[in-house]
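Visitor: I'm new to this one. Could you pick a single part and take me through it closely?

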Amino acid sequence: MKAIAYYLSLPFIYFFSFLPFPVLYVLSDILVFPLLYYVTGYRRKVVFTNLQNSFPDKSEKELREIEKKFYRYLADLFMETVKFFTISESELKRRYVFRNPEIADQWYEEGRNIVYTLGHYGNYEWMALALDFAIKHRGKGPFREMSNPYFNQLFWRSRARFGTELYPTYKTMEAIRKPSEEPYLVALANDQSAPPDKSYWTTFLNQDTSFFVGTEKIAKTFNMPVLFAAISRVKRGYYEINFEVITHHPKEEPEGDIMEKHARFLENQILNKPEYWLWSHRRWKHKKPEGLEKGFSLKKR
C-alpha cells in the first residue's frame, strides 16, 4: 500500500512542482488556504489555543487576525515545499539570500565546525537546500525518517541534492564524530516539544517550555561556536537569513546560557512577526517537572 500511495502521488507532486511561482500562489489563495482554514479547519483549535496562551494581552479579534495570517502563510509554505523538489540552484539563490555569511568565515579558516540553530519559522524547508552553496562550511543536518520508505527516500534525495549531508536523527552524534575533510556546520531546528525529563526548561512565549538539549550538548562537547539563523520573509517567495552569534567559546558559557539565548532569539522573531511561526504544532503538551524553576531536567548531561 505504501508503494501504491507513493507511485500514485508522484506524478501530481512533480506536476505541481514544475508550475511557476505565480501559478502556485494563485492555487494557494483559491484552493489551499480555504481548504486548510474553512473546509478542514486543520488544527485550528491547537493554533488558537497556542496563540491565546502566548499572547494573553491580545483581544480575540487580534488573535483571529494572526490566526488567519498564519493559515495564509501555511498555504504558501505548502506550495513552496512542493516547489522544493524542482527549484533550481540559481532560482533558490535569488529567493533565499544569506545576508552575513562572512560571520562564519573566521571559523572556517580556523578549521572549526559550527552549530547553526533555528526554529520552524519562515521557510525552514529551503534551508537544507541552500546550506551548501550559501556558506563555506559543509552543511550537515538531522533528518526525521518518515513511516513510508518511498516518500522518505524522495525527501531525503531532494533535500540533499545540492550537497547537504543528511543523517537520521538518532545518528546525530555518530555523524558529528565522523572525520570530515573540511569544516562543517550542523543545522538544528530546535523548537519542538522535548521530553519533560530530558530537556531544557525556560519561559517562552509566556509559558513553561521544553527544548531539546542537543544545541548546547553538541556545542560544549565538541567546542563548536553557535550561530542563530534568523529567517525573515521579505515578500512572497523571498527570504533573507541573518546570523546572530550565540557564542564563540561554548565551553566557557555558563550551563544553560546557550539554550537560553536560542530561546530569546527565536522568541523575539516570533513576537515581531508571529504569523510566520508554525503554530500548528503541539509544543506545550508536556508539563514542567515539579520543583524545577528553570534549566536542565537531566540528572546527568
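Guide: Let's look at where H3 and H4 cross: the crossing is right-handed. Keep in mind that this is a predicted model. Helix H3 covers residues 44–54, and its axis lies 10 Å from that of H4, at an angle of about 130 degrees. That angle makes H3 oblique to H4. So who does the touching? On the H3 side you'll find Arg44, Val47, Phe48, Leu51 and Gln52. H4 answers with Glu60, Leu63, Arg64, Ile66, Glu67, Phe70 and Tyr71. Sort the residues of this contact by class and you get seven nonpolar, one polar and four charged.

Why might spacing matter when you read such a list? An α-helix has 3.6 residues a turn, so residues three or four places apart point the same way.

Now for the wider setting. The largest nonpolar core holds 89 residues, and Tyr96, Tyr116 and Trp279 are the ones that touch the most other members. Helix H4, running over residues 60–83, gives the most to this core, with nine residues. As background, nonpolar side chains tend to be buried together in soluble globular proteins.

Tyr96 deserves a quick stop of its own. Leaving aside neighbours within four places in sequence, Tyr96 is in contact with Asn123, Tyr124, Trp126, Met127, Ala130, Ile231, Tyr239 and Ile241.

Note on methods:
Residues are numbered from 1 along each chain as its sequence is written. This is a predicted model: local features need pLDDT of at least 70, side-chain atom pairs count only at pLDDT 80 or more; totals for chains, interfaces and linings use all residues. Side-chain values use heavy atoms; hydrogens and water are left out. A nonpolar core is a set of buried Ala, Val, Leu, Ile, Met, Phe, Trp, Tyr and Cys residues joined through side-chain atoms within 4.5 Å. Buried means under 20% relative accessible area, exposed over 50%, partly exposed in between (1.4 Å probe, protein chains only). Helices (H or I, at least four residues) and strands (E, at least two) are DSSP runs, numbered from the N terminus. Contact means heavy atoms within 4.5 Å. Axes are lines fitted to C-alpha atoms, for helices over the stretch in contact, and angles run from 0 to 180 degrees between N-to-C directions. Angles under 35 degrees count as roughly parallel, over 145 as roughly antiparallel, 65 to 115 as roughly perpendicular and the rest as oblique. A crossing is left-handed if the near helix is turned anticlockwise from the far one by less than a right angle, and right-handed if clockwise. Ala, Val, Leu, Ile, Met, Phe, Trp, Tyr, Cys and Pro count as nonpolar, Asp, Glu, Lys and Arg as charged, and the others, Gly among them, as polar.
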